[in-house]
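Biologist: I would like to learn how to read the features of a model like this one, taking each idea in general and then in the case at hand. Could we go through it together?

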Amino acid sequence: MTTTITTPFEVAKTKTQIKPAEAIDFSKIPSPCFLLDEARLRRNLEVLEYVQKESGAKIILAFKGFSMWSAFDLVRQYLPGATASSLNEAKLARHEFKGEVHTYLPAYSDAEFPEVLELSDHLVFNSFSQWESFKPQVQASSRHVSCGIRINPEYAEVETDMYNPTMPFSRLGVTKKEFREDLMDGLEGLHFHSLCEKNSDTLEHTLEVIEENFAEALRQVKWVNFGGGHLMTRSDYDIPRLIKVIKAFRERWNVDVILEPGSAIAWQTGWLVSTVLDIMHNEKDIALLDISASAHMPDTLEMPYRPNILHADYPGKKAHTYLLGGTTCLSGDVIGEYSFDKRLEVGSTVVFDDMIHYTMVKTTTFNGVKHPSIGMLREDGKFELIKEFSYEDFKGRLS
């Protein structure tokens, strides 16, 4: 009897044993520290491997969401390549990931393009003007680089404009009105990215719009890159629907399909461990931590969103409520109000959940605050300190 896979966890549950967060002694982890759980990362990769096998699509790692290169040895066991959004990421993909390099920049510069071209296997252009500008260099290259154009479907189910690539006046991709089928010679693919942590139903809706608006272009290309935003490792993600949608699209248009998720790979794979430095009172109890919302998890202010904290809840839900703040001089460096069963004290450990994707990649050295170390909880349960940051790291950012 064949078991039907319906959730991401059913894909990986028999292969990888996950240690519950409650069984981890976070007080033994140096603070502050981004802590990646190797077993959780492998579980996510097993899900992606299953989707690749069943759908025939190729899934690559989006560095903009996760570029912890000390974990690449594991990631490359499951994924064939990576996607870069800058020359530096393209270098990291070629030299550290050592797989296929897919590159997309909103605009290439004359100074950097020759090196980007040399590093890349796939190259996506944001506009036909850029394609026309750099096409001679592509054609003169001694190696074949498969090129594509990014399209803007002008359809998205993204609530926050900052994360919506199809918002009005978007600079990302070519709209139907501006599309130039007469300039498609030499282009082998289409690329779109209009999802943000969405389920497969959103992808299906988006493809319906794309097929209606870009049908002629679809008949001319060899591959279509569906971009990122496919949160296929979230517990409620509809894996069978994703596979069905991809297979049907490949068969209808006779194209290869590429997905490049950012969040899905490192989703729920680790934590940001912090320590209480001080408790003060100003109408409310305030706990100052050795991390910063502004410098270490800026999405909490940009999105904004409320990060989860282990063993904590909304204010008033538990016995003791605190306003949690960071250590920079920015007045708004405030994470939010949380309640705890026990009183927080100087030295108490506070652990932020799901802090590996789109977090480490966005950190800064604002105010020169101590940058969290990077550590890994290996599959055998042992902690490995990967990187500590020093004054020289801070100093090296400026001159």
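Biologist: Which strands does helix H4 lie across, and at what angle does the helix run to S4?

Modeller: Helix H4 (residues 87–97) lies across S3, strand S4 (81–84) and strand S5 (100–104), and runs at about 165° to S4. Axes are lines fitted to C-alpha atoms, for helices over the stretch in contact, and angles run from 0 to 180 degrees between N-to-C directions. H9 also packs on the sheet, where it touches strand S9 (223–225) and S10, and its direction makes about 140° with that of S10; contact here means heavy atoms within 4.5 Å. This is a predicted model, in which local features need pLDDT of at least 70 and side-chain atom pairs count only at pLDDT 80 or more, while totals for chains, interfaces and linings use all residues. Residues are numbered from 1 along each chain as its sequence is written, and side-chain values use heavy atoms, with hydrogens and water left out.

Biologist: What is the order of the strands in the open sheet, and which strands are at the edges?

Modeller: Strands of a sheet pair through backbone hydrogen bonds, either parallel or antiparallel. Here the open sheet has 9 strands in the order S2-S10-S9-S8-S7-S6-S5-S4-S3, with parallel pairing, and two strands count as paired if DSSP finds at least two bridges between them. Its edge strands are S2 (58–59) and S3 (61–62), each of which pairs on one side only. S2 and strand S10 (residues 256–259) run parallel and are joined by 2 bridges, with Ile 59 standing opposite Leu 259 in S10.

Biologist: How should I describe the packing of helix H2 against helix H9?

Modeller: Two packed helices are described by the angle between their axes and the distance between the axes. The axes of H2 (residues 38–55) and H9 (residues 239–253) come within 9 Å and cross at roughly 35°. From H2, Val 47, Tyr 50, Val 51, Glu 54 and Ser 55 meet Ile 239, Leu 242, Ile 243, Ile 246, Lys 247 and Arg 250 of H9. The residues of this contact divide into 7 nonpolar, 1 polar and 3 charged, where Ala, Val, Leu, Ile, Met, Phe, Trp, Tyr, Cys and Pro count as nonpolar, Asp, Glu, Lys and Arg as charged, and the others, Gly among them, as polar.

Biologist: How many salt bridges does the structure hold, and are Asp 37 and Arg 40 buried or exposed?

Modeller: Side chains of opposite charge can pair when their charged atoms come close. The structure holds 23 salt bridges, each being a side-chain nitrogen of Lys or Arg within 4 Å of a carboxyl oxygen of Asp or Glu. In one of them, the side chains of Asp 37 and Arg 40 meet at 2.4 Å, N to O; Asp 37 is buried, with a relative accessible area of 2%, and Arg 40 is buried at 10%. Buried means under 20% relative accessible area, exposed over 50%, and partly exposed in between (1.4 Å probe, protein chains only).

Biologist: Which residue forms a salt bridge with Lys 362?

Modeller: Lys 362 pairs with Glu 302, the closest N and O atoms being 3.5 Å apart. The pair links distant parts of the chain, 60 residues apart, with Lys 362 in the loop between strand S16 (349–353) and strand S17 (373–377) and Glu 302 in helix H12 (residues 299–302). Lys 362 is partly exposed at 25% relative accessibility, and Glu 302 is partly exposed at 36%. Elsewhere, Glu 38, Arg 378 and Glu 384 are linked in a network of salt bridges.

Terms used: Helices (H or I, at least four residues) and strands (E, at least two) are DSSP runs, numbered from the N terminus.
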